[in-house]
Amino acid sequence: MYKNVLQSIEGITIYPIISFIVFGLFFIVMLIWLIRADKNYLSRMSNLPLENDEHSIQTESNKKFTGNKNE
């Protein structure tokens, strides 16, 4: 039923092509970012959920309130 409704719309065939191009461009941009990203940053971000250190939690909260990002 829905197939017949969509087929009756003029110019509907362009939408799957546009969505495929948008997905492809997003995938390529993310792949380029991943290759060019700083490996230390990626390692630090990947370990962030595993940290349970009270000091790191307090340090992060102090940075938010004081605005100091160099600690």
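How much of the accessible surface of the protein chain belongs to carbon and sulfur atoms? The share is 65%, out of an accessible surface of about 7000 Å². The model is predicted. The protein chain holds four helices and zero strands. Buried residues make up 4% of its 71 residues.

**Overall layout**
- Along the sequence, the elements of the protein chain run α-α-α-α.
- Helix 2 spans residues 14-36.
- Helix 3 spans residues 39-47.

**Helix 2 against helix 3**
- Helix 2 and helix 3 pack at an angle of about 100°.
- Their axes lie 8 Å apart.
- Helix 2 is therefore roughly perpendicular to helix 3, because angles of 65 to 115 degrees count as such.
- On the helix 2 side, the residues in contact are W33, L34 and I35.
- On the helix 3 side, they are K39, Y41 and L42.
- By class, this contact of helix 2 with helix 3 has five nonpolar residues and one charged residue.
- No polar residues take part in it.

- A pair of aromatic rings is described by two values, the distance of the centres and the angle of the planes.
- One aromatic pair turns up in a search of the whole structure.
- F23 and F27 form this pair, with 6.3 Å centre to centre and 25° between the planes.
- The pair counts as stacked, because its planes are under 30 degrees apart.
- Both F23 and F27 belong to helix 2.
- They sit four residues apart, about one turn of the helix.

**Exposure of F23**
- Is F23 buried or exposed?
- F23 counts as exposed because its relative accessibility is 53%, and the cut-off for exposed is over 50%.

Notes:
Residues numbered from 1 in each chain as written. Predicted model: local features only at pLDDT ≥ 70, side-chain atom pairs only at ≥ 80, totals over all residues. Heavy atoms only, no water. Helix = DSSP H or I, 4+ residues; strand = E, 2+ residues; numbered from the N terminus. Buried < 20%, exposed > 50% of the residue type's maximum accessible area, 1.4 Å probe, protein only. Areas by Shrake-Rupley, 256 points an atom, 1.4 Å probe, with all protein chains shown as cover. Axes fitted to C-alpha atoms, helices over the stretch in contact; angles between N-to-C directions. Parallel < 35°, antiparallel > 145°, perpendicular 65-115°, else oblique. Contact = heavy atoms within 4.5 Å. Nonpolar A, V, L, I, M, F, W, Y, C, P; charged D, E, K, R; others polar. Phe/Tyr/Trp six-rings, centres within 6.5 Å; stacked < 30°, edge-to-face > 60°.
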